[in-house]
Amino acid sequence: MRISTFFYAVKQGFKNIWHNKMFSLASIATMSACIFLFGLFFAIVSNFQNMVKTAEEGVAVTAFFDEGISQAEIDELQQRVEKRAEVAKCEYTSPEEAWEYYKEVYFDGDEEAAAGFADDNPLANSASFSVYLSDVSMQSALVTYLESMDGIREVHKSEAVANTLSDFNSLIGYISVGVILILLCVAVFLISNTVTVGISVRREEIAIMKLIGATDYLVRAPFIVEGIVIGLLGSAIPLGLLYLLYSRIVLYVTEKFSFLSNMVSFIPAGQVFHALVPIALILGVGIGFLGSRVTIRRHLNV
């Protein structure tokens, strides 16, 4: 493509937007609304997923060892477990550590009652691993593997919690796909209408261009530029608004409801928008290109 042709397409694309400014503004506004809703949904889902991930990190499978197992055998078992892909970390708890924890919880500071067990640890055979998963949906596979290992007599798991977290993750995924598809359809439809108006206004000019030998590309290019510019503007505007809105909401919530900081950890704005900005811009430009491309193929006989 020659440089002159490129600049011609860009110039005509902007002219189309200006000549049909009411429809263009309507398309940009609708695109902005779609991207704004998408960005808002993205930020909410990202924080929910972060909360679920944090909750998953606290879910552990506990494996108890056979009586009389040596420390060397325990170390070997730990190395094998830590090599598993679904394992985030594996923590060893000795019988002494288990008793110290149990004593604090059960006796609740009653040192005299606890002193009666000073020379006889009732949890002498309670050495265990606490295995934390990187993916809670893999808990069943890990439990099966642990139960098959020699030296492990019993495995405790949090099946209800794991299933709840897995189902919640799946639900978030389905909702995300559904919302994105709806927003895509709405945006493509509006940009398609805008380009259709541009084609109708310039139909005679296009016919003359074809008669004097204009190529298919030369005719199509301005409308594609029009769709891309609408998509780009419709993405950039809501991203700026979302950044300010998200930053202020997180700041307000953390300041006014400080007790939530102990229960909920919001993702910093920079981290959210590091992923959101390229996705939203690609989405906006892609919708603009797709909407104009589909409309041109349907309405232009070139």
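This is a predicted model: local features need pLDDT of at least 70, side-chain atom pairs count only at pLDDT 80 or more; totals for chains, interfaces and linings use all residues.
Me: Is E86, which forms a salt bridge with R84, buried or exposed?
Reply: The closest N and O atoms of E86 and R84 are 2.9 Å apart, and R84 is partly exposed, with a relative accessible area of 25%. A residue counts as buried when its relative accessible area is under 20%. For E86 the relative accessible area is 7%, so E86 is buried.

Me: How many salt bridges does the structure hold?
Reply: One of them joins the side chains of E154 and R153, with 3.4 Å from N to O. In that pair E154 has a relative accessible area of 35% and is partly exposed, while R153 is partly exposed at 40%. For the whole structure, the number of salt bridges is 3.

Me: Which helix gives the most residues to the nonpolar patch on the surface?
Reply: The nonpolar patch includes L37, L40, F168 and I249, and its residues together have about 740 Å² of accessible area. The elements that give two or more residues to this patch are α2 (21–57), α7 (159–201) and α9 (216–256). L40 is found in α2 and is partly exposed, with a relative accessible area of 32%. With 4 residues, the element that gives the most is α2.

Me: In which helix is E73, a residue of the negative surface patch, found?
Reply: The negative patch is formed by D66, E67, E73, E76 and D150. E73 has 42% relative accessibility, which means that it counts as partly exposed. The helix that holds E73 covers residues 71–82 and is α3.

Me: What distance separates the C-alpha atoms of Q12 and V219?
Reply: Q12 lies in helix α1, which covers residues 3–19, and Q12 is buried because its relative accessible area is 9%, under the 20% cut-off. Along the chain, Q12 and V219 are 207 residues apart.

Me: How many disulfides does the structure hold?
Reply: A disulfide is a covalent bond between the sulfur atoms of two cysteines. Among the cysteines, C34 counts as buried at 6% relative accessibility, and C90 is buried at 7%. The number of disulfides in this structure is 0.

Conventions:
Residues are numbered from 1 along each chain as its sequence is written. Side-chain values use heavy atoms; hydrogens and water are left out. A disulfide is a pair of cysteine sulfur atoms within 2.5 Å. Buried means under 20% relative accessible area, exposed over 50%, partly exposed in between (1.4 Å probe, protein chains only). Patches are made of residues with over 30% relative accessible area and no salt bridge: like charges are joined within 9 Å, nonpolar side chains (Val, Leu, Ile, Met, Phe, Trp, Tyr) within 5 Å. Accessible areas come from the Shrake-Rupley method with a 1.4 Å probe; for residues, only the protein chains shown count as cover. A salt bridge is a side-chain nitrogen of Lys or Arg within 4 Å of a carboxyl oxygen of Asp or Glu. Lys and Arg count as positive and Asp and Glu as negative; His and the chain ends are not counted. The place of a charge is taken as NZ of Lys, CZ of Arg, CG of Asp or CD of Glu.
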